[in-house]
Amino acid sequence: MSQAAAERLKERLPDAVADSYEGVGGDDVAIVKKERIEEVCRFLRDDPELLFDMAPYITAVDYQGEEPRFEVVYQLYSTKKNHRLRLRVPVPESDPALRTVTTVWKGANWYERYCWDMYGIRFEGHPDPRRLYMYEGFVGHPLRKDYSLRGRQPLVPERQVDEPFRGPGPARRD
Amino acid sequence: MANDTDTQPEAPDALEAPFPTKRMHLNLGPSHPAMHGTVRAVVDLDGEDIHAMKLDIGFLHRGFEKSCETVTWNQVFPYTDRLNYVSSIMNNVGYALAVEKLCKLDVPDRAKYLRVVTSEMHRMSDHFTLVGAMGLELGAMTVLIYAMEARDLLWDRLTEICGARLTSNYARIGGVARDVPPEWEAKVLKTLDRSAELREEIDKLLTRNRIVIDRLQGTGVLSRAEAIGYGFTGPCLRATGEPYDVRKAAPYLVYDRVEFDVPVGSNGDNFDRYLMRMEELKQSDRIVRQCLRQMEPGEIAVADYRYVLPPKPEVYGSIEGAMAHFKLIMEGVKVPAGEAYSYIEAANGELGFYVVSDGGGRPYKLGVRAPGWNMLMALPEMLEGQLLADLIPTFDTINMIGGEVEQ
């Protein structure tokens with residue numbers, strides 16, 4: 001089973017697929033060009049031999065120091081054929097944007113918002129392009145490798161507690 | 001009598017007084033008894049009808065991924081406990097399987113059985129929690145009490161092997177943390193008997209209950225095609241008629257050696273989702289009993305000290321043992337560079353881990369595919385046009401767990 005889906009994708013859309021290989025554990029992986037992602041996904045969903053009707057997980061990775069820096073990773077599954085495919089889409093830091101696939105699978109909605117929130121990758125044509133976890137007004141994208149681990153941005157100023165065993169409040173309260 | 005038949009039947013709403021309603025925005029949560037966890041829902045109401053609904057999440061976001069990137073591979077286990085805190089061993093097992101996939105590691109048989117036994121017990125506790133909480137919110141307090149008794153009995157058994165009710169931290173890369181105490185199997189069988197009794201009680205209280213049926217049937221419906229498009233998995237997907245279960249579709253551990261059925265619904269409404277849970281309780285019971293019969297004494301972890309801590313006499317008594325111990329604690333397991341996606345059937349659906357390693361002792365990237373994510377995402381679509389009161393059971397049956405969805 002392995003490799004069949006990626007091979008078919010490469011055969012039908014040769015100029016959209018940069019590479020395909022067998023991942024660890026026999027996973028089927030294809031590296032797709034970012035300009036063609038929506039078209040590739042639509043093909044994968046509608047092709048009668050592939051029928052990838054579900055996108056269980058979409059996430060991104062920050063390969064800092066490499067070019068292109070980011071990668072958006074799509075895990076696809078077909079409930080009808082019971083096979084899986086992983087698409088890796090390299091995204092350069094200079095233009096971190098690609099087409100949304102919410103038009104193909106509705107379930108991509110929050111995953112793409114997650115990628116925008118955490119990695120700053122924009123999805124063009126997304127119906128609700130807000131941050132997912134962080135609040136509006138948050139600066140930066142926390143899962144980028146250059147975002148400081150101690151990069152605190154409290155919405156409400158954090159209180160300075162002098163006596164950690166007593167807690168905040170007026171002195172001689174107790 | 002004749003007069004009655006002569007009069008025209010009146011339109012049903014002819015006698016109703018005009019009752020103009022105003023559109024109202026209602027804020028549910030983030031801290032609200034019916035919104036488990038901390039989800040904020042803004043509902044646009046027309047009387048009692050939900051016109052539009054918008055979800056706002058992130059109040060429980062703790063930076064799971066960022067935290068995991070800074071600790072060694074084995075130190076991630078306590079963090080995974082806090083994803084789905086009602087069934088934490090399944091998170092442990094899912095993560096361990098993902099790392100083992102990258103390491104190309106196969107764990108001993110007994111470890112596999114122990115993982116399955118504890119996972120299925122946690123699946124039962126998860127389903128009991130759901131059914132109990134749903135009963136409570138629909139006004140059936142008794143159900144909650146029964147479910148809590150069953151759940152805590154199961155947790156007592158798990159406490160005996162891992163020392164905690166909720167934060168189990170039981171699996172390890174290459175095996176499990178410890179073997180079962182003596183007489184544990186017999187106790188588990190008794191616990192299963194008792195929880196089956198309680199399940200029967202709950203079944204009698206809820207399944208044919210007029211109030212419950214009225215509240216659940218036909219509410220929160222999502223069609224099969226929509227559910228697949230939204231990426232539903234687990235009981236919520238199976239309630240729509242799609243028989244996808246990772247344990248059958250891509251068997252892992254020992255699920256190919258045990259017999260169990262996958263219940264499949266047809267309507268995709270709250271009632272079907274509830275029935276899926278009740279049937280899966282039975283099936284998990286079956287799996288645990290079979291595993292306990294098949295399980296044989298043996299090793300509980302691989303004897304490869306690149307992955308597993310050596311036993312203490314070796315650490316204190318030999319230089320190789322001390323070195324292996326030191327390197328594992330200080331540097332962490334050296335996972336080969338690469339990326340892998342591994343998925344298991346957790347209580348609410350497919351729990352996936354996307355791991356990327358750069359060959360070092362810490363995860364380069366650890367992405368969690370939480371099953372509740374997709375269900376929560378589809379909640380507005382399931383509820384638009386329905387009553388505000390339907391929000392409560394729908395929110396219950398999708399069983400969104402804040403810990404894993406908000407990471």
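**Exercises on a two-chain model**

In this predicted model, the contact between the chains draws 27 residues from chain A and 31 residues from chain B.

**Exercise 1.** Describe the side of chain A that touches chain B: which elements supply at least two residues each, and how do its residues divide by class?

Solution. Start with the elements. Strand 3 (54-62), strand 4 (70-78) and helix 3 (108-119) of chain A each supply at least two residues. Next, look for the largest share: 6 residues come from strand 3 of chain A. Last, sort by class: 15 residues are nonpolar, 8 polar and 4 charged.

**Exercise 2.** Determine how helix 7 and helix 12 of chain B are oriented to each other, and list the residues in contact.

Solution. The axes of helix 7 (residues 184-206) and helix 12 (residues 270-294) of chain B lie 11 Å apart at an angle of about 165°. Angles over 145 degrees count as roughly antiparallel, so the two helices are roughly antiparallel. Their crossing is left-handed. Helix 7 of chain B brings E185(B), V188(B), L189(B), L192(B), A196(B), R199(B) and D203(B), while helix 12 of chain B brings M278(B), L281(B), D285(B), V288(B), R289(B) and L292(B). By class, 8 of these are nonpolar and 5 charged, with no polar residues.

**Exercise 3.** Work through helix 5 and helix 16 of chain B in the same way.

Solution. The axes of helix 5 (residues 109-137) and helix 16 (residues 388-397) of chain B come within 9 Å and cross at roughly 170°. These helices are therefore roughly antiparallel. L130(B), A133(B), M134(B) and E137(B) of helix 5 meet I392(B), P393(B), D396(B) and T397(B) of helix 16.

Technical notes
Residues numbered from 1 in each chain as written. Chains lettered and ligands numbered in written order. Predicted model: local features only at pLDDT ≥ 70, side-chain atom pairs only at ≥ 80, totals over all residues. Axes fitted to C-alpha atoms, helices over the stretch in contact; angles between N-to-C directions. Helix = DSSP H or I, 4+ residues; strand = E, 2+ residues; numbered from the N terminus. Parallel < 35°, antiparallel > 145°, perpendicular 65-115°, else oblique. Contact = placed C-beta atoms within 7 Å. Nonpolar A, V, L, I, M, F, W, Y, C, P; charged D, E, K, R; others polar. Left-handed = near helix turned anticlockwise from the far one by under 90°.
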